[in-house]
Amino acid sequence: MNVRYRSIVDSMKIISKSYCTHSEQYYAEQIKNATVECTNHLTPEIKLHLITEQCKLWHSPVYECQFNDPFWAFYWPGGQAISRFILDNSKYVNNKKILDIGSGSAACSLASVLAGASQVTANDIDPVACVAAKLNAQLNNIKIDVLSKNILFNDCSQWEVIIVGDMFYSKDIADELWKWLDALSNSGKTILIGDPGRHCFKPERHLQERLKKLKEYKLTENCCLENRGFSTASVWNLV
């Protein structure tokens with residue numbers, strides 16, 4: 001058995017052990033084939049399976065993509081900002097239980113573990129994103145919980161810190177998110193939000209007055225190109 005073939009077989013064995021259903025195994029294989037391991041971002045401590053210029057899908061028309069919407073294969077600016085902030089300011093997550101809502105690649109979840117969180121849940125309703133989260137955790141030898149249930153408007157009693165990265169992409173979802181985050185903040189949860197300044201990141205006045213900017217980061221050149229000209233991303237705390 002040659003070295004390359006042995007590597008493929010060993011990889012398949014790992015996938016089979018890590019994913020309990022045939023669909024999860026299939027998604028894991030597809031993700032690995034379509035992405036590269038990348039550290040060219042604000043958190044090079046974390047390796048992620050991403051679609052970059054090196055990948056065939058980057059240059060392919062939409063109809064050739066085998067995934068419905070591979071948002072989990074991109075490290076969005078808000079998520080990069082939160083992850084960098086958490087790694088540099090561990091007091092926000094250290095020894096705490098974390099919920100990463102709309103987790104995508106789960107980078108924020110992985111950063112939280114590295115910063116000392118006691119328990120981390122990556123939550124995304126997309127089944128492929130959930131597999132991507134598991135793959136990225138495996139890639140970094142990190143343990144996280146992955147939850148696919150829609151928990152918007154859940155009271156989140158089991159978590160202390162709620163992370164929301166790049167979720168304000170439409171007015172409808174933004175309006176619902178602000179209501180939910182307002183209630184969670186009022187119940188004592190720490191709310192960390194990452195956003196590059198999208199049009200929908202505009203809460204009502206009473207919430208604007210409670211938003212505290214914690215840090216603004218300059219994005220890497222490749223991230224600016226991927227995100228239509230956004231050059232910075234900020235981390236906010238809803239207090």
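This is a predicted model: local features need pLDDT of at least 70, side-chain atom pairs count only at pLDDT 80 or more; totals for chains, interfaces and linings use all residues.
**View 1. Strand 6 meets strand 7.** Strands 6 and 7 run parallel and are joined by five bridges; two strands count as paired if DSSP finds at least two bridges between them. Here V164 has I193 of strand 7 as its bridge partner. Helices (H or I, at least four residues) and strands (E, at least two) are DSSP runs, numbered from the N terminus. Residues are numbered from 1 along each chain as its sequence is written, and side-chain values use heavy atoms, with hydrogens and water left out.

View 2. Five of the six residues of strand 7 (residues 190–195) are buried, so the strand is largely enclosed by the rest of the structure. Buried means under 20% relative accessible area, exposed over 50%, and partly exposed in between (1.4 Å probe, protein chains only).

**View 3. I144 and its neighbours.** In the largest nonpolar core, of 35 residues, I86 and I144 have the most contacts. Such a core is a set of buried Ala, Val, Leu, Ile, Met, Phe, Trp, Tyr and Cys residues joined through side-chain atoms within 4.5 Å. Not counting residues up to four places away in sequence, I144 touches A106, S109, L110, V113, V120, A122, A133 and A137, where contact means heavy atoms within 4.5 Å.
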